[in-house]
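Please have the model open as you read my notes.

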Amino acid sequence: MKIIVNGEAINSDAPSLAALLEDLGKGEAKIATSVNEAFVPKTLRATQTLKDGDRIEIVAPRQGG
Amino acid sequence: MPVFYGTEIASRLMLGTAQYPSPAILAEAFRESAAGIATVSVRREAGGEQAGQDFWALIQDLGVAVLPNTAGCHSVREAVTTAQMARELFDTNWIKLEIIGHADTLQPDPFGLVEAAAQLSEDGFNVFPYCTEDLVLCERLVEVGCKVLMPWGAPIGTGLGLNNIYGLRSLRAHFADIPLVVDAGLGLPSQAAHAIELGYDAVLLNTAVAKAGDPVAMAKGFARAVEAGALAAQADPMDPRDMAAPSTPVLGKAFL
């Protein structure tokens, strides 16, 4: 399936958000996530299934004012 | 010293973490500023990037409270989702709520701000709203649960200082029991001192320090300015007057 991760289209067979993060090397990283503009807490990543066209955002701590 | 949502902070200076020439200068500027709170953001990180992880390690070493922001958000939904992600990421209920309503001035959207502040307060957040000095807006923000108000001094990144001193003074008089922070627009330590002299509890700035030719020296300058402002505010300043009044006694002057 084709999904959008941080604005870029990628092909992925990851069955869940947790699996996708593992595939991207972000399984243990300090990140937060949303799917289709809705926040997905860490505790729900394993049960958050993904489907074609889903928009995933992965964010990390960054400089801010 | 200011108390935000039950937490006393040992400094009247809150400092942003963006735009410094290097991480080392950021860290040194923080040390010299004695700031008690660092503002941070959440931004995309995918693939092999490690910038966020490295930045987080740097912030933890500063030993200050962390205030995540919703910078760059233009809608309630964006801001609320960003706040939720920030809460998990930084493990804090504190959120500096920014909803931009105007592209050129980066003026806060007052309508979205009240709506988002209500939702977030309901959801257990401690909201620090980046707002204007509008009394009615600030009343609404307090009504929906904000226990801190952060009016702008001037538009973000301008360094213009306190654009509406009357408005800021009115706000201070009207909200005697709410911690007030001048957030954004400060360019010089004297402007920060002025805000504290007006009775503001703290100032929040970033560009003034980060984009100074010598950020570390400027950080030190702001640290001293907020201390000077606080001493002045506590010292019951004299009332200004239009007519001159000699300070040297007239009595006893030699008759020449």
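The points below go through the contacts between the chains and then the aromatic pairs.

1. A word on conventions. This is a predicted model, in which local features need pLDDT of at least 70 and side-chain atom pairs count only at pLDDT 80 or more, while totals for chains, interfaces and linings use all residues. Residues are numbered from 1 along each chain as its sequence is written, chains are lettered from A and ligands numbered from 1 in the order in which they are written, and side-chain values use heavy atoms, leaving out hydrogens and water.

2. The interface overall. Chain B places 31 residues in contact with 27 residues of chain A (contact means heavy atoms within 4.5 Å). About 2,500 Å² is buried between the two chains, with carbon and sulfur atoms giving 53% of that area; buried area here is the accessible area (1.4 Å probe) that two parts lose on being put together, summed over both. Of the area that chain B buries against chain A, 28% comes from B:R44, B:E88 and B:L89, more than from any other three residues.

3. Polar links across the interface. There are 20 residue pairs in polar contact between chain B and chain A, both residues being at pLDDT 80 or more (a pair of N or O atoms within 3.5 Å; within protein, one must be able to donate a hydrogen and the other to accept it, and residues adjacent in sequence count only if both atoms are side-chain atoms). On the side of chain B that touches chain A, α3(B) gives the most, with 7 residues (helices, H or I, of at least four residues and strands, E, of at least two are DSSP runs, numbered from the N terminus).

4. Salt bridges. The chains share 4 salt bridges, each a side-chain nitrogen of Lys or Arg within 4 Å of a carboxyl oxygen of Asp or Glu. In one of them, B:E88 meets A:R45 at 3.3 Å, N to O. A:R62 also forms a salt bridge with B:E45, at 3.1 Å between the closest N and O atoms. That pair runs from strand β5 of chain A to the loop between β4 and α2 of chain B.

5. Strand pairing. Strand β5 (residues 55-63) of chain A and β4(B) run antiparallel, joined by 5 bridges (strands pair if DSSP finds at least two bridges between them). A:R62 stands opposite B:S41 here.

6. Aromatic pairs. The model has 5 aromatic pairs over all chains (ring centres of Phe, Tyr and Trp, the last by its six-membered ring, within 6.5 Å; planes under 30 degrees apart count as stacked, over 60 as edge-to-face and the rest as tilted). B:W56 and B:F90 are edge-to-face, at 5.4 Å centre to centre and 65 degrees between the planes. This pair links helix α2 to helix α3 of chain B, across 34 residues.
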